[in-house]
Amino acid sequence: MIQDLCIIMLTAGIVSLLFKLFKQPVVLGYIVAGMMAGPYMLGESWISDREGAETWGNIGVLFLLFSLGLEFSFKKLLQVGNTALIGATTIVAGMMTAGFLAGNLMGWDFINSLFLGGMLCMSSTTIVFKAIDEAGLSAHKFTKVCFGILIVEDLFAVVLMVLLSSIAVKNELEGSAMVFQILTLLIYLGIWFISGILLIPTFLSKFKRYLNDETLTILSIGLCLGMVMLAMSAGFSSALGAFVMGSILAETVEAERIEHLVQPMKNIFGAIFFVSVGMMIDPEMLIRYWPQILIITAIVILGQIVFGTLGTLLSGQSLRVSLQTSFSLVQIGEFAFIIASLGESLGVTDKSLYPIVVAVSVVTTFLTPYIMRLAYPTLNFLENHLSDDMKRLMADYQESRNAPSKHTNWKTALNHLWRYLLIKAYMAPGINQILNLFNKNLYAREQLAESQRSLVKDAQKSLLSLDIHISEFDVPANSSFCGHTLKRLGLRAGTGVNIVSIIRSGI
């Protein structure tokens, strides 16, 4: 096992380093490393214990989903609201239908077509944000929309994994069983989330002075694995448990610290997972199924652009933001591999499906940065060719969707009513204290962030709705800019840059 782990890590490290030198995603390097170490590419496997490698890979899935949960926040989801929900629902429904129909047209059976649809409807959170960051687009408005859609897709993926597991056993889709499964899942999620918010932040706050980095890391991993066992005992997947515990810890004041501490382990076990994915790819099978790979790749790219643009437009966003968003989501990633592994472990999918989907992921991941650059030319083309009536219709729809409501927000009213009824009804002793504790723990992270918020964040909050690229710069003391007025420097006239605020010594 030590020898196998050594081979995996060295191969992954060297190959991923080469990919970094050529400015390609590291994930692709891990998959190529797995192909090299596997039994197909070089004639024999470098790994003596493949089952052991798969076990490490399964642990990698838990860390990947735990880390995704740490980046997830129910309050962030509420902030992006309708845009994320409408956009993600349109993409998931459209891509799952397209994938299912494509599978049928290629002669695949019901289960393989269903799993294919599930694999195609989730974009890669890691690849999207890495591509956006490397392109210097992090401060643009569409990144917030992308983040919201990816959050909702992560939720859909977790639910989808539960449903696919249930459907795969019976080899049919039962409407009543599916509804019951979803309701059961929602009840469990509600119980786990409420209990977690009540207990875990309180525990972390009480013992905060004893929580050094080592203790907090061990405690976080222990909580993650504890929720994994709880989820499995309730009949759900281990991945769901890891994601749920990550999302609970994401609401605590220690979330950023935990995410930083867990990052190295996520990188290590995530690399092993992607290497184990690469080990299952047979190049001969890729050559044999190249027509299916090309067809599915085209479906992913065109489908994500069409359904992503449509869903974001329906949510009330501009054509520009909608195109930027959809052109950033043109790949499949982590969840596609996880769903493919699920089908493989259940023994319900064909062996060719796994390498086909991995190949599609590799191609779409490689093309993502280049496709993102086509958003602006596409926008210019559409603006030049759309009729005035169509432009007016889109503008009117956007204005109507974003107009402030004249009525009281129903969510706020319902929240106040529910709180009032709970307190007044005295359904149980101490209900008011429990409710206050829940609210305190739920919003502790935001209250801490509010007390540490800088003037730059205020400027970003007020200007981000205008889709302006905002950047912050530190001007050194010996800069040629120092000692001159803004008027004399002429930055706006010379470069088109607007100075939003100047901060000296925190003022």
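Let's start with the cysteines. Cys-121 is buried, at 0% relative accessibility. Cys-482 is a contrast: it is partly exposed, with a relative accessible area of 35%. How many disulfides are there? The count is zero. As a reminder, a disulfide is a covalent bond between the sulfur atoms of two cysteines. Keep in mind that this is a predicted model, and the values I quote are computed from it.

Now the overall picture. The protein chain has 24 helices and zero strands. It runs to 507 residues, and 44% of them are buried. The accessible surface comes to about 26,900 Å². Carbon and sulfur atoms hold 64% of that surface. What about contacts? Take those with a separation of 6 or more: 79% of them join residues 24 or more positions apart.

Next, helix α5. It covers residues 110–120. Is this helix mostly covered or mostly open? Mostly covered: 10 of its 11 residues are buried. Among the buried ones are Ile-111, Asn-112, Ser-113 and Leu-114. Phe-115 and Gly-118 are on that list too. Hold on to Asn-112, Phe-115 and Gly-118, please. I will come back to each.

On to the nonpolar interior. In soluble globular proteins, nonpolar side chains tend to be buried together. Here, the largest nonpolar core has 117 residues. Which of them touch the most other members? Leu-65, Phe-115 and Phe-335. Helix α7, residues 141–170, gives this core its largest share, 14 residues.

Let me zoom in on Leu-65. What does Leu-65 touch, leaving out residues up to four places away in sequence? Ala-239, Ala-242, Phe-243, Phe-335 and Ile-338. Note Phe-335 in that list. Phe-335 is also one of the core residues with the most touching members.

Now back to Phe-115, by way of Thr-349. Thr-349 sits in the loop between α15 (334–346) and α16 (353–372). Leaving out residues up to four places away in sequence, Thr-349 touches Asn-112, Phe-115, Gly-343 and Glu-344. Asn-112 and Phe-115 are buried residues of α5. There is a polar contact here as well. A polar atom of the Thr-349 side chain lies 3.4 Å from the backbone oxygen of Gly-343.

Then Phe-156. Phe-156 is in helix α7. Phe-156 counts as partly exposed, at 29% relative accessibility. Which residues does Phe-156 touch, again without those up to four places away in sequence? Ala-88, Thr-89, Val-92 and Met-122. And here is Gly-118 again. Phe-156 and Gly-118 are 38 residues apart in sequence. In space, they are 9.7 Å apart, C-alpha to C-alpha.

Last topic: charges. Side chains of opposite charge can pair when their charged atoms come close. How many salt bridges does the structure hold? Three.

Asp-213 is in helix α9 (residues 213–233) and Arg-257 is in helix α11 (residues 255–279), so the pair ties together parts 44 residues apart in sequence. Both partners are partly exposed: Asp-213 at 42%, Arg-257 at 27%.

Another links Glu-254 and Arg-257, at 3.4 Å, N to O. Glu-254 is buried, at 6% relative accessibility.

The remaining salt bridge is between Asp-389 and Arg-392. Their closest N and O atoms are 2.9 Å apart. Why is about one helical turn the spacing here? Because Asp-389 and Arg-392 are three residues apart in helix α18 (residues 388–402). Asp-389 is exposed, at 55% relative accessibility. Arg-392 is partly exposed, at 46%.

Key. Residues numbered from 1 in each chain as written. Predicted model: local features only at pLDDT ≥ 70, side-chain atom pairs only at ≥ 80, totals over all residues. Heavy atoms only, no water. Buried < 20%, exposed > 50% of the residue type's maximum accessible area, 1.4 Å probe, protein only. Helix = DSSP H or I, 4+ residues; strand = E, 2+ residues; numbered from the N terminus. Disulfide = S-S within 2.5 Å. Core = buried A, V, L, I, M, F, W, Y, C linked by side-chain atoms within 4.5 Å. Contact = heavy atoms within 4.5 Å. Polar contact = N/O pair within 3.5 Å; in protein donor to acceptor, adjacent residues only side chain to side chain. Areas by Shrake-Rupley, 256 points an atom, 1.4 Å probe, with all protein chains shown as cover. Salt bridge = Lys/Arg side-chain N within 4 Å of Asp/Glu carboxyl O.
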